[in-house]
Amino acid sequence: MKNDLDALLQDDLLRPPPDFTKRVMQGVQQLQQRPSLSATPAKPRSRFWNLLRWIATIAGLIGGGILGLSQIAGFVFALWLTATAI
Amino acid sequence: MRVQAILRRIAAGEQLAFSELVDLYQRQLFGFLGRLGMSQAQAEDIAQETFLRVWSHLHRYQPERAQFVTWLFTIARNLAYNALQKEPHRHEALDAVVPEPASEKPDPEEIMERAQQRSRLHSALRQLPMTDRSALALVYVQELGLADVACIENVSLAAIKTRLHRAKQRLRAILQTDKEPETSHEK
C-alpha cells in the first residue's frame, strides 16, 4: 500500500495540453501589447525611490504621533481646567 | 544550470527563451496542480497565470535567495490556494485526463483500472485539508527538497514532515475506505 500510494502520487494526475507553451507565449504577447506594462520585465525600483518612500512613511508617522499627543494634552488640560474651576 | 542560462537569455531580451522555461516546468507544474485535486481546466488556468506572473515579475526574482523552481512553485501554490479556497466544495470528476503516451499500449482493462485509481486518488486528495494537500503535492515535485517545500509553505522543516506523515496516513485511510465497499460488493 505504501509503495502503491507513492507510485500513484508520482504518476502525473494531469498533463499539459500539447499547445500549452504556445498559449502561454500568446499571453506574454498580450501582456506586452498592454500600454501599462512594459515589453520586457520591469526594472526594479531605484534605491532613491525606496529611501524617499521610507522617509515619507517615517515623517507621516512622526507627524501623526505629534498630532495625537497634542490632542491628548489638550484633553488633559481641559480636564484639569474644569477640575480647578469647580 | 540550464535555468540560469535561460534566465540570462531572457534578461538579455530574448523573449523566445521564455518558451523554453515553460517547456521545462510545465509538466511538473501540472503534476503538482493535479495532486492538489484540481480539474484539468482549473489547472490550465492556474498554470498559465503562473507563467504569466513569472514573466511580469521576473525582475523580482533573486537567485541568491532561492532556486528558480522554489520561486515558481511559490507563485503556483499561492494562486492555486486562492482558487481552491474560493470554491471549496466544487468536486469535479477527473474525466478524460492524462491520456496514455502513444508508445505505451496497455490493454483496455489496465487503462480502466488506472483511470479508476486516479479518480479515487483525485477525490481522496480533495478531502485532505489544504495545508496537508499542498505539502504532499509539492514534495513529489522532482526538483524540490523538503527544505524547499518548507520554504514555499513558510513553515519549519519539522512541521512539513508532520504534515506529510499526517497527509499520507489520511490519504491511505480514505483510499482504504473507498476500496472496502467495492471489495465487499464483489463478494
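In this predicted model, 25 residues of chain A are in contact with 34 residues of chain B. Helix H1 (2–10) and helix H2 (20–33) of chain A each contribute at least two residues to the side of chain A that touches chain B. H2(A) provides the largest share of that side, 8 residues.

**The side of chain A that touches chain B**

- By class, this side of chain A consists of 17 nonpolar, 4 polar and 4 charged residues.
- Chain A contains 3 helices and 0 strands, and its elements run α-α-α from the N terminus on.
- Of the 86 residues of chain A, 8% count as buried.

**The largest nonpolar core**

- The largest nonpolar core has 45 residues, and B:Phe32, B:Leu33 and B:Leu138 have the most contacts inside it.
- From chain A, H2 gives two or more residues to this core; from chain B, the elements that do so are helix H2 (17–35), helix H3 (40–56), H4, helix H5 (108–125), helix H6 (130–139), helix H7 (146–153) and helix H8 (157–186).
- H2(B) supplies the largest share of the core, 8 residues.
- Leaving aside residues up to four places away in sequence, B:Phe32 touches B:Phe73, B:Ala76, B:Ala137, B:Leu138 and B:Val141.

**The packing of H2(B) and H3(B)**

- Two packed helices are described by the angle between their axes and the distance between the axes.
- The axes of H2(B) and H3(B) come within 10 Å and cross at roughly 140°.
- An angle over 145 degrees would count as roughly antiparallel; at roughly 140°, H2(B) and H3(B) are therefore oblique to each other.
- The crossing of these two helices, H2(B) and H3(B), is right-handed.
- On the H2(B) side, B:Phe18, B:Val22, B:Gln26, B:Leu29, B:Phe30, B:Leu33 and B:Gly34 take part, and they meet B:Ala43, B:Ile46, B:Ala47, B:Thr50, B:Phe51 and B:Trp55 of H3(B).
- The residues of this contact divide into 10 nonpolar, 3 polar and no charged.

**B:Ala83 in helix H4 of chain B**

- B:Ala83 lies in helix H4 (residues 68–86) of chain B.
- With 17 other C-beta atoms within 10 Å, B:Ala83 is partly exposed, because a residue counts as buried at 20 or more such atoms and as exposed at 12 or fewer.
- Not counting residues up to four places away in sequence, B:Ala83 touches B:Gln42 and B:Ile46; B:Ile46 is also one of the H3(B) residues in the contact with H2(B).
- B:Ala83 and B:Ala135 are separated by 52 residues in sequence and by 17 Å in space, C-alpha to C-alpha.

Note on methods: Residues numbered from 1 in each chain as written. Chains lettered and ligands numbered in written order. Predicted model: local features only at pLDDT ≥ 70, side-chain atom pairs only at ≥ 80, totals over all residues. Contact = placed C-beta atoms within 7 Å. Helix = DSSP H or I, 4+ residues; strand = E, 2+ residues; numbered from the N terminus. Nonpolar A, V, L, I, M, F, W, Y, C, P; charged D, E, K, R; others polar. Core = buried A, V, L, I, M, F, W, Y, C linked by C-beta atoms within 7 Å. Axes fitted to C-alpha atoms, helices over the stretch in contact; angles between N-to-C directions. Parallel < 35°, antiparallel > 145°, perpendicular 65-115°, else oblique. Left-handed = near helix turned anticlockwise from the far one by under 90°.
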